[in-house]
Amino acid sequence: MASLQSSSVIGSVAYSSTSCSRRGTARATINMPKLRTGGLSLRLPARDLIPEVLDMGVGLSAAATSHVEKIYESSTYRNSPSLGSNVSDPIVIAKLHAIMEAVADRVEMHQNIGEQRDNWNSLLLTSINTITLTAATMAGIAATSVGGPLLALKTSSTLMYLAATGLLVVMNQIQPSQLVEEQRNAARLFKQLHGWIQTALASGSPTNSDVEDAMKKVLALDKAYPLPLIGVMLEKFPETVEPAVWWPQHRQRQEKPIKRRDGNGWSVELEEELREVVGVLKRKDTEDYLRLGKIALKVNKILSISGPLLTSIAACGTAFMGSSHGSWTAMVGVVAGAMASVVNTMEHGGQVGMVFEMYRSNAGFFRLMEETIESNLNERDVGRRENGELFEMKVALQLGRSLSRLKNLAASSSKKGEAIEEFASKLF
């Protein structure tokens, strides 16, 4: 009987403490039953048991409260835009995908038009040479003829020379080989831009700044390498030879009164090294390709004038063929026609216009490197620059050098100055 009463006491205590812990209050009620008077006495550890039970209830309540607070904090962290993970704006990603599709379409257009204009160069060269040589042959035959055959042959030869002259004027004006080189460069540069956009998307966090840069690069390439021939075609015989420019102009960064510091892969030695590389690019590579471009332009001008001039002289010679003028008119018609065919082959078969455009684009490549290096060096806050070690490796790869050979070039330039004979690029 005593054991049953003690069990009821303990159950009452446990129930009362549990209900109190659920309400979050530290209070317990013990209802002690009236015990019959007997010989058996029972001592209950009420004072020792109650604090333990209460502590257990309070501890469980505190643990539950702490768990709820952690869940709330984690959900708040995830939902907060300032503390959460880097989630890209879907509008920015959609814009970059749209630009990338336009760039891929431009690559296809420039490749197709480049093939078409390459066919122009081959077909026009073959056709004009065939017409010219046929006219020269007919002029030679007419020199040995009299009467009706003479008139027919010299008239046909004159007309063919005039047709060749007109075709040469048009061909020399548009320079198909130079147009082909422009389309090759445009397709290659648009492919580079396409890869740059893919890299920006793969990084997982493109920004509106990436969208603006991509748009500027697309428009700059469209301006540098236009597709139409009428109105916006690049000048084939410019007064001055300038490097090709196919990139948006770098923004001039304002000098800020902050102390330059090392970091982000940059050091004083690396800055001095890149400054020496820029000096070599300006004094040697860019100047040399501009000089070669001027030579190619002069040769192209001479050949472009000589071809139509020779066919015009040949046409005049065949027009005055006859017994009263002697044999010199026939000689002029035949020799001038043969020389015109040779000149035309040298100009368009040798693709002198393409060579000029190649030199111009190479000079533009070095100019772009100069501006890129100077733009990074002019930024005094190294944290806003591209990583120095990565940038040095890119410069070395673009120049076809290893890092050690790039350092050797900078050291040689610092010692010899303008007397250095070595070029910065090993690729061109």
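1. Glu242 touches Leu290 and Arg360, leaving aside residues up to four places away in sequence, where contact means heavy atoms within 4.5 Å. The C-alpha atoms of Glu242 and Arg360 are separated by 6.9 Å, although the two residues lie 118 residues apart along the chain. Glu242 sits in the loop between helix 6 (208–224) and helix 7 (268–319), helices being DSSP runs of H or I with at least four residues, numbered from the N terminus.

2. This is a predicted model, in which local features need pLDDT of at least 70 and side-chain atom pairs count only at pLDDT 80 or more, while totals for chains, interfaces and linings use all residues. Residues are numbered from 1 along each chain as its sequence is written, and side-chain values use heavy atoms, with hydrogens and water left out.

3. Glu242 is partly exposed, with a relative accessible area of 47%; buried means under 20%, exposed over 50%, and partly exposed in between (1.4 Å probe, protein chains only).

4. Lys154, in helix 4 (residues 148–174), is buried yet has no salt bridge, and the nearest side chain of opposite charge, Glu347, is 29 Å away. A salt bridge here is a side-chain nitrogen of Lys or Arg within 4 Å of a carboxyl oxygen of Asp or Glu. Beyond residues up to four places away in sequence, Lys154 touches Ala142, Thr318, Ala319 and Met321.

5. Leu397 is found in helix 10 and is exposed, with a relative accessible area of 59%.

Conventions
Helix = DSSP H or I, 4+ residues; strand = E, 2+ residues; numbered from the N terminus. Lys, Arg positive; Asp, Glu negative; His and termini not counted.
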